[in-house]
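Dear colleague,

I am handing over the structure we talked about, and you will find it just below. My notes on what I found in it follow after that.

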Amino acid sequence: QVQLVESGGGLVQAGGSLRLSCAASVNIFSFNNIGWYRQAPGNQRELVATITRGGSTNYAESVKGRFTISRDNAKNTVWLQMNSLKPEDTAVYYCNGAIAYSSTDSRGFWGQGTQVTVSS
């Protein structure tokens with residue numbers, strides 16, 4: 001059973017940093033793509049950052065230069081280092097991973113989310 005468990009959220013002042021972690025219950029290389037999304041109250045869930053099996057990364061424009069996604073293959077964990085945090089970064093952050101079981105069967109998995117609150 002595939003499970004993703006996030007941790008590391010909390011309350012931080014603007015300009016501060018947090019590091020989120022997403023621990024997978026399976027080998028991290030099982031995922032074609034794994035990364036982070038966020039959802040603020042009243043908003044749709046949006047992509048923050050992803051990393052492919054090959055190591056290519058993708059970031060939302062709003063976080064480029066401030067957030068860094070990385071992974072620890074031995075620990076089956078994906079990290080999101082968030083620096084220079086802004087109040088508009090406040091949201092529930094979700095880990096998401098996609099596994100392609102075949103050419104026609106791709107499934108997405110979500111963690112339970114972790115709250116990040118940035119005070120001004």
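To begin with one cysteine, C22 has a relative accessible area of 0% and is therefore buried, and please keep in mind throughout that the model is a predicted one. Its partner in a disulfide is C95, with the two sulfur atoms 2.1 Å apart, and C95 likewise counts as buried, because its relative accessibility is 0%. The torsion about the S-S bond of C22 and C95 is about -80°, so this disulfide is left-handed. The bond links distant parts of the chain, since C22 lies in strand β3 and C95 in strand β9 (residues 91–102), 73 residues apart. The count for the model comes to 1 disulfide.

Strand β3 also belongs to an open sheet of 4 strands, in which the order is β1-β3-β8-β7 and the pairing is antiparallel. At the edges of this sheet are β1 (4–7) and β7 (67–72), each of which pairs on one side only, and the twist from one strand to the next averages 15°. Within the sheet, β3 (residues 18–24) and β8 (residues 77–82) are paired over 6 bridges in the antiparallel sense, and S21 stands opposite W79 of β8.

The loop between β3 and β4 (33–39) holds I28, which is buried because its relative accessibility is 3%, the cut-off being under 20%. Leaving aside residues up to four places away in sequence, I28 touches I34, N73, N76, T77 and V78.

Best regards

Definitions and conventions
Residues numbered from 1 in each chain as written. Predicted model: local features only at pLDDT ≥ 70, side-chain atom pairs only at ≥ 80, totals over all residues. Heavy atoms only, no water. Pairing = 2+ DSSP bridges. Helix = DSSP H or I, 4+ residues; strand = E, 2+ residues; numbered from the N terminus. Axes fitted to C-alpha atoms, helices over the stretch in contact; angles between N-to-C directions. Buried < 20%, exposed > 50% of the residue type's maximum accessible area, 1.4 Å probe, protein only. Contact = heavy atoms within 4.5 Å. Disulfide = S-S within 2.5 Å.
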